[in-house]
Amino acid sequence: MMAHVLAFASPLQGHLSPMLKLAEALAIEGLLVTFLTTEHVYHKLGGADAPLCRRRQGLRLRSVPDGLPADHPRLAGHLWEIMQSLRDTSGEKYRELLVPLGKEEPDGWPPVTCTIVDALLSFAAEELGIPVMAFRAGSPCSFWAYFFVPKLIEQGEIPFPEGCDMDELVRGVPGMEGLLRRRDLPGFCRAKDANDPIIQATMLTTQWNPRARGLIFNSVEPMDAAVLAHIRTICPVTYTVGPLHNLVRALDPAHIATAGLWRENQTCLAWLDAQPSKSVVFVSFGSLAVLSRAQLLEFWHGLLNTRHRFLWVIRPDLLDETGGPGDLPFELTQEAKEKGCLVVEWAPQQAVLAHPAVGAFLTHSGWNSTLESIGAGVPMVCWPLFFDQTLNSRYVSEVWRAGVDMKDTCDRATVEKMVRAVMEGEAAAELRRNAAALAEMVRSCVGEGGSSRVGLEKLVQAIRAMSS
Ligand code: UDP
């Protein structure tokens, strides 16, 4: 019987995008893939007639409702609400959908033989008699730290003691003893109460992973070797197939990137064409980060004070609701133009990072952004906010040495100093060399015989074995 995978992704840009790439990689390798997401995302991707499915034989889309009203904004500030609603409503719909998918369909698609579930959707895993694999959209280092959250709670490390030193090292995560400070622990560890719903949900979505048939990381084996060795002590069947966007491009050079949930402003590429090599700072805080007006202005002045040109993604929902008078993003867009810089609402980030005019990336250290920067050899200034970002930035600065960690501060003087540190002088040249070496390593991992290619082959073999 032909192998048929059902991939279920949460509706967040940072989860959807790598999982779609994984679905494409599996389809390129000859598997049939039904990609399941929410109705909202399904329509954004083009529905039954999605361009992606026209291009990629063996890949089709299906949807389940997320339980939110049609006119719900589904914006960054509503993340928790979206995930809660999805959790409450989709479980049953998912089960209903799996009944017909578990049998041969009239159009000849064979029954589903394996599911790959975004690890955020742990509820989905428990409902099936079909083998389940877990896909982690975040970094391996964060997974490992999440796994020890119950122990850290037991030890009294979380919640942080009142008035504690945030720079003190944390000892509860094996392998990270000399590296992890309190401030590097996942953002949710700063909650005042261990019963905080985000801490509880993260524990839940992590603890079931060792029971899955396999754990899949969007990660590169040599980069994460040390932490992967630890992870394999509890999840022996762990695959590394990243960075997925590089892998898919290596498998299919004619690959066309799938549009995300926002419309990309392509004109910024023409703007970059007119800039000198490595002269531009690209600034983007991903799809979920929300800044206060005061923070935005500190970044703004810090960047202007460096006198380097910048291209900044300011999403319409980037600012929180505690703003003052005036349409700040609009005003800044105008001022940026006068200063020779550019502000856009959403950029084709991978293409921007690959552009020779980009010299550094001021990022929130989301895992996709981190991998995209590493794959393009661009050094980073990291300003992490939550979840795995606080760990990713620590690894970028201390383990991979491809950038600097500006965690917990964004006053204009610090922003200026950090941006200069990755753009100017010998220290910046060193970071650039390290970043270039990492990009080279990524190229060889996704190339013929490379570790991510081998990881994908092993994954495909395992899925085929489940279908025979
Ligand atoms: N992204 C993009 N254009 C932008 C900003 C972000 O295409 O202007 C993409 C980026 O390339 C990445 C994803 O959005 O693939 C963000 O994922 P990440 O894990 O970095 O952060 P999250 O949004 O989950 O916080």
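**Exercise 1. Decide whether strand S5 is buried or exposed, and on which faces.**

Solution. Strand S5 (residues 132-136) is mostly covered, since five of its five residues are buried, where buried means that 20 or more other C-beta atoms, placed from the backbone, lie within 10 Å of the residue's own. The strand itself is a DSSP run of E with at least two residues, whereas helices are runs of H or I with at least four residues, and both are numbered from the N terminus. Taking the faces in turn, Val 132, Ala 134 and Arg 136 are buried on one side, and Met 133 and Phe 135 are buried on the other.

The model is a predicted one, in which local features need pLDDT of at least 70, side-chain atom pairs count only at pLDDT 80 or more, and totals for chains, interfaces and linings use all residues. Residues are numbered from 1 along each chain as its sequence is written.

**Exercise 2. Find which strands are joined to S5 by bridges.**

Solution. Two strands pair if DSSP finds at least two bridges between them. Strand S4 (residues 114-118) runs parallel to S5 and is joined to it by four bridges, and Val 117 has Ala 134 as its bridge partner in S5. Four bridges also join S5 to strand S6 (residues 214-217), again in parallel, and here Ala 134 stands opposite Leu 215.

**Exercise 3. Explain why helix H6 counts as largely enclosed, and name elements that cover it.**

Solution. Helix H6 (residues 140-147) has eight of its eight residues buried, so it is largely enclosed by the rest of the structure. Among these buried residues are Cys 141, Phe 143, Trp 144 and Tyr 146. The elements that cover them include S5, S6, helix H8 (197-207) and helix H16 (389-399), with contact meaning that C-beta atoms, placed from the backbone, lie within 7 Å.

**Exercise 4. Describe how helices H12 and H17 pack.**

Solution. Helix H12 (residues 293-306) and helix H17 (residues 412-423) pack at an angle of about 45 degrees, with axes 7 Å apart; the axes are lines fitted to C-alpha atoms over the stretch in contact, and angles run from 0 to 180 degrees between N-to-C directions. That makes H12 oblique to H17, because angles under 35 degrees count as roughly parallel, over 145 as roughly antiparallel, 65 to 115 as roughly perpendicular and the rest as oblique. Residues that meet include Phe 299 and Leu 303 in H12 and Val 415 and Val 419 in H17.

Notes. Two residues are in contact if their C-beta atoms, placed from the backbone, lie within 7 Å. A residue is buried if 20 or more other C-beta atoms lie within 10 Å of its own, exposed if 12 or fewer, and partly exposed in between; C-beta atoms are placed from the backbone.
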